[in-house]
Amino acid sequence: MKKESDLKKLFGYAGAYKYLTMCSWILSVVSALMALAPFVYIWRIIREVLAVAPNFGAATGLARNGWMAVLFAVTSMVVYLCGLVCSHLAAFRVQANIRSQAMHHIVKLPMGFMDDFGSGKLRKMVNESSAATETYLAHQLPDMAGAYATPVGLLALLLVFDWRLGLLSLIPVMLAFAIMGSMTGAKMKKKMEEYQNSLDTMSNEAVEYVRGIPVVKTFGQSVFSFKRFKNSIDEYEKWVVSYTKDLRLPMTIYTTAINAVFAVLIAVGLIVTKNGVTNDFLLNLLFYIIITPVITVTLNRIMYSSENTMVVADALERINSIMAVQPLSEPSAPKHPADNSVTLADVSFQYKDAKANALTHVALAIRPGEHVALVGPSGGGKTTLASLVARFWDATDGEVKIGGVNVKDMAKEELMNTVSFVFQDSKLLKTSILENVRMAKRGASREEVLSALHAAQCGDIIEKLPHGIDTVVGTKGIYLSGGEQQRISIARVMLKNSPILILDEATAFADPDNEVKVQSAFTELFKDKTVIMIAHRLSTVTSCDRIYVLDNGMIAESGTHEELTAQSGIYNAMWTQYGKAAKWKVGTLNA
Ligand code: ADP
Ligand code: MG
């Protein structure tokens, strides 16, 4: 039943090409049945040889039967190839459709979803899943159709030639089928899933481990970080061993059974022939012995085809999990914000699958041109709040408004032009500085880019580069420090010139040499703009118009630096702590 619905899904992507797929099955079945014919002709040859022995010259039909066998074998191959052509045409179409539909869907999804997933992982998922359906439709399904037709054809042949021997050779086959069922049943499927999961976890941990090497080197956390990786390997080992052990007995019986058909036949043959034997019986026995390898091959095909079915079911599930994510709604009649204010009215937000709210009843109003800071303990909800303003997610409850208009009612394009989100690790692409900055505004002139770069204090960077703004970043010998990359990405935002800016811990990377330049680049950038900055280093927030302290998803305190330090609250405690740390730093520098 499950397989049928998967097939339906695949046909959904195939469109009219599904008839080609069906055509390939029919051709594959015809080919499989034709492949049995040569055995009949070989049997005829043997029969004739036995009949005329030892006077072999009397055999007249040998050449004719031989050629018929060849003819059927060749035709069967040709028919099979035609089937493959059909199945490939359909499979390529399905693969292309899955990719394009998934990609079209992904671009409509909330930014936050992309962040969560990582664009690399998404791309890999779409590519691998669609590739899995390609192999399945192009090769596995038609082969399966053929593999199922063969036993039926065989059964007919077996029973026609000698029903006793036919039934006899069916006994091991039945046994093999029964065991195959137990190996691919629901329990085993669950095992395989868990095995797959532990494999995924291990790969993820391996990536995390490599990523964490800088941290490990800096803080010497080797044992700790290694432990998680090691645990995941141990877990994987556990599943592999258990999966393999569970398969040990059934697999042994299965392999023995499907290879034992002719052993059974010979044993019985020996017993029967003890009391004298007819030529006919010997002849039929020969036929069965000739044909048993076909039974083995066919059963193996069916066996592995069920594994393939599981793989493709998994691939479709992955694609569906992406397609099931709701895209952001598009307003039918977009509204324009009246000004550059930002208002959150009783906003609550819960991440999918999270137990608690990340934001609870948050209300704040930022006037146009105001500079506010979000501070507070890690996990307090700062990043979440900021991403709601840029509509990376939609609020679960309440309204997020820009200039009095709910962000859901703004055209996507306008929202993107109104709000700039500056991430702490804005990456430069492997292209020229010019193109890197121009990304922010399509069709911007060289002069515009240059003036943005100068406003972002990048003059010194460009001067030292061999080809100025045409220098390609990331090529050999071209190295930009974290602070320099940051200034280039500030130039990007400068060029975009959107009236509302959100900075997430944007100053975290600045090294002392760059600090002054980055600060004045920001001062230039902040002019006449509404700014929401998330800051860890409190020195950068003291001059803000207002500071919001977020704790546990709620606004715990708000006010200016002076107001907040005058009361004893979270901010005051953070400030005292910060002062101590700063003093300690100065102290060690002086020592
Ligand atoms: P902050 O930026 O103040 O450190 P965040 O806004 O990142 O805090 O996180 C607020 C809460 O939401 C935390 O409890 C965090 O674990 C949770 N959270 C953050 N991002 C996600 C996410 N993508 N999926 C699920 N939970 C998240
Ligand atoms: Mg954060």
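## Strands and the open sheet

Two strands pair if DSSP finds at least two bridges between them. Strands themselves are DSSP runs (E, at least two residues), and helices are DSSP runs too (H or I, at least four residues); both are numbered from the N terminus. This is a predicted model, in which local features need pLDDT of at least 70 and side-chain atom pairs count only at pLDDT 80 or more, while totals for chains, interfaces and linings use all residues. Residues are numbered from 1 along each chain as its sequence is written, chains are lettered from A and ligands numbered from 1 in the order in which they are written, and side-chain values use heavy atoms, with hydrogens and water left out.

Four strands make an open sheet in the order 2-1-4-5, and their pairing is antiparallel. Strand 2 (359-366) and strand 5 (405-406) stand at the edges; each has a single partner strand, so one side of each has no neighbour in the sheet. Five bridges hold the antiparallel pair of strand 1 (residues 342-349) and strand 4 (residues 397-402). Ala345 has Glu399 in strand 4 as its bridge partner. Helix 13 (residues 382-389) packs on this sheet. Helix 13 touches strand 1, strand 2 and strand 4 (contact means heavy atoms within 4.5 Å). The direction of helix 13 makes about 120 degrees with that of strand 1. Such axes are lines fitted to C-alpha atoms, for helices over the stretch in contact, and angles run from 0 to 180 degrees between N-to-C directions.

## A parallel trio

Strand 3 (residues 371-375) pairs in the parallel sense with two strands. Four bridges join strand 3 to strand 8 (residues 530-534), and four join strand 3 to strand 9 (residues 546-551). Leu374 stands opposite Ile534 in strand 8. Val375 stands opposite Val549 in strand 9.

How many of the five residues of strand 3 are buried? Four are, and the strand is mostly covered. Buried means under 20% relative accessible area, exposed over 50%, and partly exposed in between (1.4 Å probe, protein chains only).

## Salt bridges

Side chains of opposite charge can pair when their charged atoms come close. A salt bridge is a side-chain nitrogen of Lys or Arg within 4 Å of a carboxyl oxygen of Asp or Glu. The count by this rule is 19 salt bridges. Glu128 and Lys124 form one of them, at 3.8 Å from N to O. They lie four residues apart in helix 6 (residues 119-161), so about one helical turn separates them. Glu128 is partly exposed, at 49% relative accessibility.

Asp314 and Arg318 also meet in a salt bridge, at 3.2 Å from N to O. These two are four residues apart in helix 12 (residues 279-323), so again the separation is about one helical turn. Asp314 is partly exposed at 30% relative accessibility, and Arg318 is partly exposed with a relative accessible area of 28%.

Arg446 and Asp470 form a salt bridge with their closest N and O atoms 2.9 Å apart. This pair links distant parts of the chain, 24 residues apart. Arg446 is in helix 16 (residues 446-455), and Asp470 is in the loop between helix 17 (459-464) and helix 18 (482-496). Both are partly exposed: Arg446 has a relative accessible area of 37%, and Asp470 has 36% relative accessibility. Elsewhere, salt bridges that share partners join Arg367, Glu370 and Arg546 into one network.

## Pocket and cavities

Rolling a probe the size of a water molecule over the atoms shows where empty space is left. On a 1 Å grid over the protein atoms alone, a cavity is a set of points where a 1.4 Å probe fits but cannot get out; a pocket is an open set with protein on both sides within 12 Å along at least five of seven lines; lining residues have an atom within 4 Å of a point. Grid points are joined across faces, edges and corners, and a volume is the space filled by probe spheres set on the points.

The largest pocket holds about 1300 Å³ of space. Its lining has 32 residues, and Met111, Met416, Phe421, Phe423 and Lys496 lie nearest the centre. Which element supplies the largest share of this pocket's lining? Helix 14 does, with five residues.

There are two cavities of 30 Å³ or more. The largest cavity holds about 40 Å³. Its lining includes Leu388, Trp393 and Glu399. Strand 4 gives the most to that lining, with three residues.
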